[in-house]
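Hi,

Here is the structure I promised to pass on. Have a look at it first, and then read my notes below.

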Amino acid sequence: MKNTAAFISDQFYSKYVRDLHFRHLRMAQSSDTVQECASQMAKEQVSCLFIGDSPEAIEGYITDITLRDKVLAKGLSLEILVQDIMESSMVSIHPDATLVEALMLMFRTKSRYLLVKEAEQFIGWISRTKILTEQSQGPFMFIQSVKEARQIPELKEKWKRMPEIIHLLLSRGMKASIVNQIISTVADTITQRVIERVKKDVGPAPAKFVFFVLGSEGRGELTLKTDQDNAIIYEDKANEKREKVRAYFLDFATRVSTALDQIGIDFCEGELMAMNPKWTHSLSHWKRNYETWISDASQETAMKYATFFDCRAIYGDADLLAELKLHMNQLLDKAPERFFINLGYNALQYEPPLTFFRQIRTEKIDGEKQFNLKHAMRTMVDLARVYALKYQIEETNTLERLFKLKDRGVFSEAESQELIHAFSYLMAMRLENQAELLLAGSSKPLNWIRMEKLTKVQNVTLIEIFKVIRDFQARIRISFTKSL
């Protein structure tokens, strides 16, 4: 039975959206009443009804939950027009996307339904429940269980299970980029549950705000060795309310970070957290921060604040972060050349661990020859970031940045593939190493790889990857720092 279940689970990872019997679009007019729409849903036995003149002109949708929360719970008349209560934030996916990608998109956007779109036409829809029935076990049911958890001890237990799940997924050949997304989604979900719990304890926020993550979590590249990198933006308030608003959010952030630390997502050693007064501010204050970092453009500033250009909203009013990013892009249009020069120098801080004789350079740790995989990868992260900022590519994920840079013609097809394959290989090795160390009882997952653990094939592959990184560092040295 266990082998059969594993086989079914494995099949899930090779399935595509088009492999599902996704449902046809059931349509209603925006001028229809709620009563008429509910009757249509009951008659056609659907939980989702799309609103618009045709499948090519969808304006929104309603679900059974929409009817419950927006009509029945509020005691509204069933004769109101459906356009007054419909949901308008629709998310779509191509039928050639995998079910893994569909579920990740759903968890990321908090959507229970996805429109299936091909050749600019909506051809159907799928529900989260439909996809989950394709897999009775595995990471996605696990993510769902995390979403349903509320107590700190329960969330702590979920996080402790991550090494086991990640080791299983890697052993089955799942791409490292998807594994990164799963870890990031679990961490996001745990943080969201904690925030909701804290809000119940301290009461509603006195202003609109967004809780956002930075660094590896902001890039969606979390590994099992992770700590907190987060911040808060809140809307500007009148002078007499500023102190009260700020006090609320600092207390709120302290409670959130303390709970996350108890769960196992550690405090940031560099205190890059919203509980630090330096990283919880009004929108106008955050705009001034970015103005200073970009105009100052010193090498120290580039090294210290580069991670703030890898940010992603996970709770609250995402429009606040969107406005900050728009402001940032306007600043980048006029950024002094030395800003990009110093970001370029930032990508040269860590040399790939190669000796003069093109062997892997190691250090003795606990009597064993080892090398730091994180440092080698950091060079690639910094490389993708400097080019992405230079060409104003909005994606924060390293691989997505590389794909976009290829599309823009910054990198050739061959160059981009070299970088993408190199980054993916190193990430898979890093994740597997961390998972194995944790499962073996190590107190913390490490980024150091023991040389004796490598096969001959891995050793040769790593040497070639480090050569690729070194060649691209040479390109950065010429393109951004104007030196050899």
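Ser-177 sits in helix H9, residues 176-202; helices here are DSSP runs of H or I with at least four residues, strands are runs of E with at least two, and both are numbered from the N terminus. From Ser-177 to Ala-38 it is 139 residues in sequence and 41 Å in space, C-alpha to C-alpha.

Some housekeeping before the rest. This is a predicted model, where local features need pLDDT of at least 70 and side-chain atom pairs count only at pLDDT 80 or more, while totals for chains, interfaces and linings use all residues. Residues are numbered from 1 along each chain as its sequence is written, and side-chain values use heavy atoms, leaving out hydrogens and water.

The protein averages 89, and 94% of the residues score at least 70. Residues 1-8 stay under 50, and the model has four contacts beyond four places in sequence for them (contact means heavy atoms within 4.5 Å). Where pLDDT is low, the predicted coordinates should not be read in detail.

Now helix H7 (residues 152-160). Ile-152, Leu-155, Lys-158 and Trp-159 are buried there. They lie on the same side of H7, because they cover an arc of only 120° around the axis, taken from the directions from the helix axis to the C-beta atoms. Pro-153 and Lys-160, on the other side of H7, are exposed. What do the buried residues of H7 pack against? Their partners are helix H6 (139-148), helix H8 (162-171), H9 and helix H11 (239-263).

Next, the sheet. Four strands make an open sheet with mixed pairing, in the order S9-S8-S7-S10; two strands pair if DSSP finds at least two bridges between them. S9 and strand S10 (312-316) are the edge strands, each pairing on one side only. Direction ignored, neighbouring strands of this sheet are turned by 30° against each other on average. Within it, strand S7 (residues 209-213) and strand S8 (residues 230-234) pair in the antiparallel sense over five bridges, and Val-213 has Asn-230 in S8 as its bridge partner. H11 packs on the sheet and touches S7, S8 and S9, with its direction at about 155° to that of S8. Helix H12 (residues 283-296) also packs on the sheet, touching S7, S8 and S9, and its direction makes about 105° with that of S9. For these angles, axes are lines fitted to C-alpha atoms, for helices over the stretch in contact, and the values run from 0 to 180 degrees between N-to-C directions.

There is a hairpin too. Strand S5 (residues 113-118) and strand S6 (residues 121-127) run antiparallel, joined by six bridges, and Glu-118 has Gln-121 in S6 as its bridge partner. Two residues lie between S5 and S6, and Ala-119 in the turn has a positive phi of about 55°.

Two other backbone spots are worth a look. Glu-271, in the loop between H11 and strand S9 (280-282), has a positive phi of about 60° although it is not a glycine. Asp-366 is not a glycine either and has a positive phi of about 55°; Asp-366 is exposed, with a relative accessible area of 74%.

Finally, the aromatics. Rings of Phe, Tyr and Trp (its six-membered ring) pair if their centres lie within 6.5 Å; planes under 30 degrees apart count as stacked, over 60 as edge-to-face and the rest as tilted. The count comes to 27 aromatic pairs. Phe-50 and Tyr-61 form a tilted pair, 6.2 Å centre to centre with 45° between the planes. Phe-50 lies in strand S2 (residues 48-52) and Tyr-61 in strand S3 (residues 58-63), so the pair ties together parts eleven residues apart in sequence. Phe-50 is buried at a relative accessible area of 2%, and Tyr-61 is buried at 14%. Trp-279 and Phe-308 are tilted as well, at 4.6 Å and 45°. Both belong to one aromatic cluster, whose members include Phe-212, Trp-286 and Phe-340.

Cheers

Methods. pLDDT is the predictor's confidence in each residue, from 0 to 100. Buried means under 20% relative accessible area, exposed over 50%, partly exposed in between (1.4 Å probe, protein chains only).
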